[in-house]
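Visitor: I am new to this structure. Please take one part of it and go through that part closely.

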Amino acid sequence: MSGHVTAPAAALADELPTWVTLLRAPNPGPMTLDGTNTWVLRAPAAESSVVVDPGPADEGHLTRIAEHGPVGLILITHGHPDHTEGAARLSELLGGVHVLAVDPAHTIGGAPLSEPGEQFGGFGLEIRMLDTPGHTADSVCFLVEHGDDRVVLTGDTILGRGTTVVAHPDGHLGDYLASLELLSAYRGIPALPGHGPALADCAAAADFYLAHRRARLDQVRAAVAAGARTPADVVAVVYADVDRSLWWAAEWSVRAQLEYLGVGTGESAPGVSGLEHM
């Protein structure tokens with residue numbers, strides 16, 4: 001069995017464009033790595049910036065973001081609370097700046113994101129939404145360009161360290177694999193993840209994730225063939241090297257894997273409250 005992945009999926013980015021600023025929320029933990037990454041994008045000479053993923057409802061963190069104002073737009077990669085909980089308060093601090101997300105529940109002042117390839121202008125940047133469901137049903141990434149520089153903000157679809165869980169039943173492994181295939185086209189473009197350090201090559205990370213997922217599927221098939229009958233049974237075999245305190249998160253991915261393989265998953269998994277990496 002291959003071990004649990006905790007290292008970066010690609011080389012770390014040596015440097016980022018000067019118009020990219022990372023503000024990391026003070027919510028570190030086993031499920032959030034170093035904390036949630038809030039990315040502030042401000043093109044040279046632009047009057048306002050774009051904020052991606054405000055993070056938790058931590059007043060100090062939100063104040064730090066507001067200090068990088070004026071802000072013209074807040075974008076959300078997906079609806080987990082560690083990315084969205086502070087969005088409404090940040091919008092308030094900034095005088096009602098619009099918050100755009102796929103889920104209407106996290107959208108403020110504008111229409112929800114709905115069209116793959118949807119573009120946003122007016123900030124000196126070219127921003128295009130990439131439809132990348134799988135980690136959650138509402139997960140998207142953002143391709144951002146300024147001059148010759150390009151970055152992909154990947155949310156939890158690709159992390160700076162380790163691999164992400166497919167949060168069954170909201171997440172779907174088939175969708176996730178297709179999303180990774182899409183991201184594998186962005187060769188040589190840095191990935192700015194929702195947690196962990198920036199990576200030098202989005203495509204290399206996506207390729208690594210695809211190989212990891214396929215290896216996990218082989219392990220799950222083998223576990224079922226050897227007699228595992230429940231998601232918990234599969235976790236005990238496939239994730240034996242993972243701390244037992246994280247097996248509940250691993251079970252979400254296992255349920256998604258079993259569903260993808262057409263194997264019954266038993267009772268429904270509990271709801272997802274935050275980031276998990278498996």
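**A strand and its partners**

Guide: Three bridges connect strand 2 with strand 3 (residues 49-52), and the two run antiparallel. Strands here are DSSP runs (E, at least two residues) and helices are runs of H or I with at least four residues, both numbered from the N terminus. Two strands pair if DSSP finds at least two bridges between them. In strand 3, Val51 stands opposite Val40.

This is a predicted model, in which local features need pLDDT of at least 70, side-chain atom pairs count only at pLDDT 80 or more, and totals for chains, interfaces and linings use all residues. Residues are numbered from 1 along each chain as its sequence is written, and side-chain values use heavy atoms, with hydrogens and water left out.

Strand 2 also pairs with strand 1 (residues 20-24), in the antiparallel sense and over five bridges. Leu22 has Trp39 of strand 2 as its bridge partner. Strands of a sheet pair through backbone hydrogen bonds, either parallel or antiparallel.

Now the side chains of strand 2. In a regular strand the side chains alternate between the two faces of the sheet. Asn37, Trp39 and Leu41 point one way from strand 2, Thr38 and Val40 point the other way, and all are buried. Buried means under 20% relative accessible area, exposed over 50%, and partly exposed in between (1.4 Å probe, protein chains only). Strand 2 (residues 37-41) is largely enclosed by the rest of the structure, because five of its five residues are buried.

An open sheet of five strands has the order 6-7-8-9-10, with mixed pairing. Its edge strands, strand 6 (119-120) and strand 10 (191-193), each pair on one side only. Strand 10 pairs with strand 9 (residues 149-155) in the parallel sense over three bridges, and Pro193 in strand 10 is the bridge partner of Gly155. Helix 4 packs on this sheet and touches strand 7 (126-131), strand 8 and strand 9; contact means heavy atoms within 4.5 Å. The direction of helix 4 makes about 145° with that of strand 7, where axes are lines fitted to C-alpha atoms, for helices over the stretch in contact, and angles run from 0 to 180 degrees between N-to-C directions.

Last, the confidence. The chain averages a pLDDT of 91, and 93% of the residues score at least 70; pLDDT is the predictor's confidence in each residue, from 0 to 100.
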